[in-house]
Amino acid sequence: MKKLSTLLAATAIATLMAGSAWSKTFVYCSEASPEGFDPGMYTGGQTFDAAAHTVYNRLVEFKRGTTEIEPALAESWEISADGKEYTFKLRPGVKFQTTEYFTPTRELNADDVIFSFERQYKADNAWNKYVPGASWEYFSGMGLPDLLEKVEKVDDLTVKIVLKRPEAPLLANLGMPFISILSKEYADKLQAEGKMELMNQQPLGTGPFTFVAYQPDAAIRYKANPDYWGGKQKIDDLVFAITTDAAVRAQKLKAGECHLMSYPNAADVAELKADPNLHISEQAGLNVSYLAYNTLVPPFDKAEVRKALNMAVNRQAIVDAVFQGAATVAKNPIPPTMWSYNDKVEDDKYDPEAAKKMLEDAGVKDLKMKIWAMPVARPYMLNARRAAELMQADLAKIGVTVEIVSYEWAEYLKLSSAKDRDGAAILGWTGDNGDPDNFLDTLLGCDAVGGNNRAQWCNKEFDDLVTKAKETSDVAERTKLYEEAQIVFKKEAPWNTLDHSLAVVPMSKKVSGFVQSPLGDFVFEGVDIAE
Amino acid sequence: MAGGSKTFGPSVFQRKKGLAPMLRFIFGRLAVLIPTFLGVSLIAFSFIRLLPGDPVMLMSGERVMAPERHAELMHQLGLDRPMYVQYFDYLGGLVTGDFGSSIVTKRPVLDDFINLFPATLELSICAIIVAVLLGIPAGVIAAVKRGTWLDQSLMGVALIGYSMPIFWWGLLLIIFFSGYLGWTPVSGRISMMYFFPQVTGFMLIDSLISGQAGAFRSAVSYLILPTIVLATIPLAVIARQTRSAMLEVLGEDYVRTARSKGLSPVRVIGIHALRNALIPVITTIGLQVGVLLAGAILTETIFSWPGIGKWMVDSVFKRDYQVVQGGLMLIAAMIMIINLIVDVLYGFINPRIRH
């Protein structure tokens, strides 16, 4: 028996090696090593790209290039009138991948879905703590443990999710990587063999690519899943070449060592654009960067003071200096690509004279304040220090003295959410699921004060609107509520909205079929390369 | 370090000649390793915890974690216990060879280390070979041709090499040789076209074992630039050290005697002088191990070389306590062992050291 398995393994490797000589291999230069291959346990985008968007599928998924939800492993769904029951009809005939380490004997059914949910919140589930320190950050971060009443099997191909209260963003949440659907049959086998930790090292799902091998910090290899329910991919092999330095990734792309790269340096974009062999895809990112005042501390508790400070800052100059054009000035707390974005909202004009007068009218003289600048570059803010310096200079013109402070990143994240924070903090957000609730309630709701709500701003009118929108399933109705909420936000000015940055993806001209995701994911389903 | 000699009673090693003093010397050194190891474990343990922030907080990024959830996770990871309890727990693990599991990847630290270390070792060995093969001759030539333009240019280049910022140097080489000339690949260990199971972890050996045509060649081409970058500083140090050691020895009486006896310059320099000059050079080479590991951190990051340097840097940023302290312990243990070997080697070359 042992001999047979050795022979099989040798044949498999030989086939793979023989395949590598002529197969169509797509190489993606990725920015970081995946934290693991179980998307439920992690929050890093590189992990989702490496596991969730290759190996796995979800009940519903985002239509390529949009934040619209479309059927995936669930063919259809119904929502009860009270908004508390979601009944999903599973797609029949979906096969799990066959790999060297597992051969499935059955197709996807309701047990797999229930297993994929329950392991993330039922403490008595054997998989809840299957590796030391296992935790389900997104599942709890999206509030699912408090929201879920139960997940139950109606029949083999029907699953019902019952909620404790209506929550319209649920569907968008179910499209997110953390709730990928795993094979219960594979899990049972690993459990019986006492090798549960392999779930995080040798993933197995229903997705377009089958996992082959991971060489830590170097490369991840996949091959096209021949049984994929969405049809076999045009490329044969997919390789993630892990290359942490952005300048080196750019060199590799130029040298033809990879077909597509993630996150170029802003400074390298012009050179990449000039390369005749490359094509640059650009899209408005689903993000926002802001300066959050502490609205609990005088004089920043007055809307007119915040408004005056906003008007004194030339945000276009910040965007030009920090992004060299790869961003737009923000006027709303949600990006323009998101549904319900209210374009009718009037932005604060840059007008130092008027700002100065407003401050005087509000009885504020010789104002001294701190501006917190993040110590790291994030996609929504590449250089917070530079932005803070420009604000400092602008505010000095209206007689406001600014001191710039910064802390180490982890410390910054913690201290900036404190209710008694001294000063206004630069920070930002990248959307998780394309739902406006993921920005408006998460970042500005009353429940988030002392947490994600860095402005510590609790406005009843605004909060009522977003809470009502959360409980309404009708998209038209929700859109109206969110549009109104944006008007209230602008009037009250808890933030100075700084920018929405562009996401830039350079790739070889040989690549076709790559669609940029507004959520910042790198999804290789449907890509092809010209010979 | 000399305190080690008191550890053993005189009865065991009575004989003054033969192996006994050498063994005594080795045991003395080994005895010193234990307190050193304990000291390193304490530093490794506390250093990463002194940095602000904790791994749980960094898990969620911009999304703020509720304080209750934060406390729950800290408890789950055992990070809410008093420091000394955590430290002794950690020490207890070390004694049984358990380095813990990464907080981020959940994989055992020792497994990852064993997996990644061959890459660092392969690169370091190549770098030190290059540094020695070029550094010693350069130093000897500079000493023999002291004061000439050759000496000055060799030492000038060495000084530049010594002061070269590794990150900048690496990028410069990539842009010129890989980007502009297209002679070498940009980064990685082997072309993505080749794939075979890891046997020894040394790509040069594994590529040969794989039997795939062109694999070895590809592995060599990927090794060139990182080797040059990592070898630069040790090469400069070795060249300068060789030069000054040679200058000292060349002025000695016995060298003059050898010369006056009419021995050929090659014999005088190659055998009489160089052999004696090598003692401080070997010490320097031993000390370069630490320099190599420090250099490997940056070199591996630039060249996407999957070794322990890159692994440690990533872990510091993620506050992955287990990986940072485990990695530091393993690296320190290796440096200690290498230093021990150098000391022993030194003892063999120069018997006076043993006393």
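Trainee: What makes the crossing of H9(B) past H11(B) right-handed?

Mentor: The model is predicted, and in it H9(B) passes H11(B) in a right-handed crossing. The term applies because the near helix is turned clockwise from the far one by less than a right angle.

Trainee: The two helices, H9(B) and H11(B), pack at an angle of about 155°, with 8 Å between their axes. What does that make H9(B) relative to H11(B)?

Mentor: Angles over 145 degrees count as roughly antiparallel. The angle here is about 155°, so H9(B) is roughly antiparallel to H11(B).

Trainee: Which classes of residue make up the contact of H9(B) with H11(B)?

Mentor: The contact of H9(B) with H11(B) divides into 19 nonpolar, seven polar and no charged residues.

Trainee: Helix H6 (residues 149-163) of chain B also packs on helix H9 (residues 215-250) of chain B, at an angle of about 140° with the axes 8 Å apart. Why is H6(B) called oblique to H9(B)?

Mentor: Roughly antiparallel requires an angle over 145 degrees, and roughly perpendicular covers 65 to 115. The angle for this pair is about 140°, so H6(B) falls in the remaining class, oblique to H9(B).

Trainee: What is the handedness of the crossing in which H6(B) passes H9(B)?

Mentor: H6(B) passes H9(B) in a left-handed crossing. Here the term applies because the near helix is turned anticlockwise from the far one.

Trainee: Which residues of H6(B) and H9(B) make the contact?

Mentor: H6(B) gives B:Leu154, B:Met155, B:Ala158, B:Gly161 and B:Tyr162. From H9(B) come residues including B:Thr232, B:Ile233, B:Leu235, B:Arg240 and B:Arg243. By class, the contact of H6(B) with H9(B) has nine nonpolar, two polar and two charged residues.

Trainee: Where in chain B is confidence lowest and where is it highest?

Mentor: H2(B) is lowest, with a mean of 79, and H9(B) is highest, at 93. Residues 1-16 of chain B have a pLDDT below 50, yet this stretch has 19 contacts in the model beyond near neighbours in sequence. Chain B as a whole averages 84, and 93% of its residues score at least 70. For the complex, the predictor gives an ipTM of 0.81 and a pTM of 0.85.

Trainee: How many helices and strands does chain B have?

Mentor: Chain B has 13 helices and zero strands. Of its 355 residues, 37% count as buried.

Trainee: What does chain B bring to its contact with chain A?

Mentor: Chain B gives 48 residues, and chain A also gives 48. Among the elements of chain B with two or more residues on that side are H5 (109-144), H7 (166-180) and H11 (265-302). H7(B) has the largest share, five residues. On this side of chain B, 24 residues are nonpolar, 15 polar and nine charged.

Trainee: Why is B:Leu42 called partly exposed?

Mentor: Buried needs 20 or more other C-beta atoms within 10 Å, and exposed means 12 or fewer. B:Leu42 has 14 inside 10 Å, so it counts as partly exposed. B:Leu42 sits in helix H1 (residues 20-50) of chain B. Its C-alpha atom is 9.7 Å from that of B:Met329, 287 residues apart along the chain.

Trainee: And A:Ser76, buried or exposed?

Mentor: The limit for exposed is 12 or fewer. A:Ser76 has 10 other C-beta atoms within 10 Å, so A:Ser76 is exposed. A:Ser76 belongs to strand E4 (residues 74-79) of chain A. Apart from neighbours within four places in sequence, A:Ser76 is in contact with A:Pro71 and A:Lys89.

Trainee: What is the phi of A:Asp217?

Mentor: A:Asp217 is not a glycine, yet its phi is positive, about 65°. A:Asp217 is in the loop between strand E8 (209-215) and strand E9 (219-224) of chain A.

Trainee: How do you know whether A:Asp217 is buried or exposed?

Mentor: The threshold for buried is 20 or more. A:Asp217 has 22 other C-beta atoms within 10 Å, so A:Asp217 is buried. A:Ala493 also has 22 and is therefore buried. A:Ala493 has a positive phi of about 50°.

Trainee: What makes the peptide bond from A:Pro298 to A:Pro299 cis?

Mentor: Its omega is near 0°. A:Pro299 lies in the loop between strand E13 (287-292) and helix H10 (303-312) of chain A.

Terms used:
Residues are numbered from 1 along each chain as its sequence is written. Chains are lettered from A and ligands numbered from 1 in the order in which they are written. This is a predicted model: local features need pLDDT of at least 70, side-chain atom pairs count only at pLDDT 80 or more; totals for chains, interfaces and linings use all residues. Helices (H or I, at least four residues) and strands (E, at least two) are DSSP runs, numbered from the N terminus. Two residues are in contact if their C-beta atoms, placed from the backbone, lie within 7 Å. Ala, Val, Leu, Ile, Met, Phe, Trp, Tyr, Cys and Pro count as nonpolar, Asp, Glu, Lys and Arg as charged, and the others, Gly among them, as polar. Axes are lines fitted to C-alpha atoms, for helices over the stretch in contact, and angles run from 0 to 180 degrees between N-to-C directions. Angles under 35 degrees count as roughly parallel, over 145 as roughly antiparallel, 65 to 115 as roughly perpendicular and the rest as oblique. pLDDT is the predictor's confidence in each residue, from 0 to 100.
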